Amino acid sequence: MIGNILVATDLTDHSEAAIERALMLKRQHASELVIAHIIDQPTSSLDVERRSKAAYRTISERLWALDITDRDDITIKVTIGTPQWEIGRLAHIHKCDLIVLGKHQYKGKHDLLIGSTMEGLARSGNCALLVVTGNQPVAYEKVLLGIDMSIFARFAVRMSMSMAPQASFTSVRVLPSAPEQDSGTAEMEPASAPQDQNIEAARAALADFMADTLGKSLPPELQEDITSRMELTVRTGDPYAMLYAEARERDADLLVIGTRGRLGLPHTRLGITAEKLLNEPPCDVLAVNSW
């Protein structure tokens with residue numbers, strides 16, 4: 001089960017899909033929900049007062065449109081500060097397991113998440129981050145799991161089972177591409193033979209990893225049920241490109257990845273992959289920080 005949830009809104013239609021998804025998860029897990037709006041760079045105390053009143057009014061009107069039972073256990077928070085830190089602080093105070101954000105407003109190929117609210121939360125946050133695209137929020141049916149065989153991936157798998165218990169799952173492990181064969185070795189054994197062996201070994205290791213992860217997370221009857229709905233796949237190439245392509249080809253509605261809490265550093269490859277996927281999500285993306 002997922003505990004408390006925080007959803008951040010900028011009061012525009014851009015945030016509506018995130019609020020809808022957060023409300024859906026609240027119902028699913030009987031969670032408490034915090035709806036937060038951060039006033040960034042106010043010009044004066046009068047500006048703060050004006051924007052605060054407008055935020056409370058807009059969010060309250062949104063909630064009055066809900067059924068009366070859906071309004072329970074919802075808290076509105078309007079604060080002043082840097083969005084990254086304020087959202088993280090509120091999530092910590094309210095002991096949230098999940099932060100929900102709308103899709104990053106992409107502004108060009110060089111506009112990655114360096115310094116953005118989303119990147120900062122994924123890097124330093126203490127709970128999972130769900131980035132919601134503009135898709136109509138319905139129950140997740142096709143979930144893609146990006147697996148790198150680490151402890152971080154285990155946390156991601158466990159949370160995905162709570163978020164989408166009835167979905168079909170595809171676990172994808174991406175191996176680095178093999179170096180090109182030197183022309184002087186043309187008469188040697190074809191490179192495809194050892195590469196095929198590596199893929200089979202990787203798939204066997206992935207099967208063991210998933211069996212162990214599910215075994216430590218679920219009772220036997222649920223393990224069998226989840227296993228019957230899970231496909232294991234090994235791909236070769238760039239992790240970002242492969243996961244993005246798999247999500248598109250399979251029409252996945254949720255992509256789940258673990259993060260190491262150190263996005264943006266050249267030597268943390270999964271961190272770079274997570275950063276790119278959060279910036280250009282092929283579908284909703286759940287980034288689970290293990291810390």
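**A walk through the predicted model**

Ser52 is buried, because its relative accessible area is 17%, where buried means under 20% relative accessible area, exposed over 50% and partly exposed in between, with a 1.4 Å probe and protein chains only. This serine lies in helix 2 (residues 45-64), helices being DSSP runs of H or I with at least four residues and strands DSSP runs of E with at least two, numbered from the N terminus. Leaving aside residues up to four places away in sequence, Ser52 touches Ile39 and Val78, a contact being heavy atoms within 4.5 Å.

The model is predicted, so that local features need pLDDT of at least 70 and side-chain atom pairs count only at pLDDT 80 or more, while totals for chains, interfaces and linings use all residues. Residues are numbered from 1 along each chain as its sequence is written, and side-chain values use heavy atoms, with hydrogens and water left out.

Taken as a whole, the protein has nine helices and 10 strands, and 48% of its 291 residues count as buried. Among contacts between residues at least 6 apart in sequence, 80% join residues at least 24 apart. The accessible surface comes to about 14,700 Å², of which carbon and sulfur atoms hold 52%, as computed by the Shrake-Rupley method with a 1.4 Å probe.

Strand 9 (residues 254-259) is mostly covered, with six of its six residues buried. In a regular strand the side chains alternate between the two faces of the sheet. Strand 9 runs parallel to strand 6 (residues 142-146), to which three bridges join it, and Leu144 stands opposite Leu255 of strand 9; two strands pair if DSSP finds at least two bridges between them. Six bridges join strand 9 to strand 10 (residues 284-289), again in parallel, and there the bridge partner of Gly258 is Val288.

Helix 5 (residues 151-163) has 13 residues and, at 1.5 Å a residue, should span 18 Å, which agrees with the 19 Å between its end C-alpha atoms; the expected span is 1.5 Å times one less than the number of residues. Ser150 caps the N-terminal end of this helix, with a side-chain oxygen 3.2 Å from the backbone nitrogen of Phe152. Phe152 is itself among the buried residues of helix 5, which also include Arg154, Val157 and Met161.

Terms used. A polar contact is a pair of N or O atoms within 3.5 Å; within protein, one must be able to donate a hydrogen and the other to accept it, and residues adjacent in sequence count only if both atoms are side-chain atoms.
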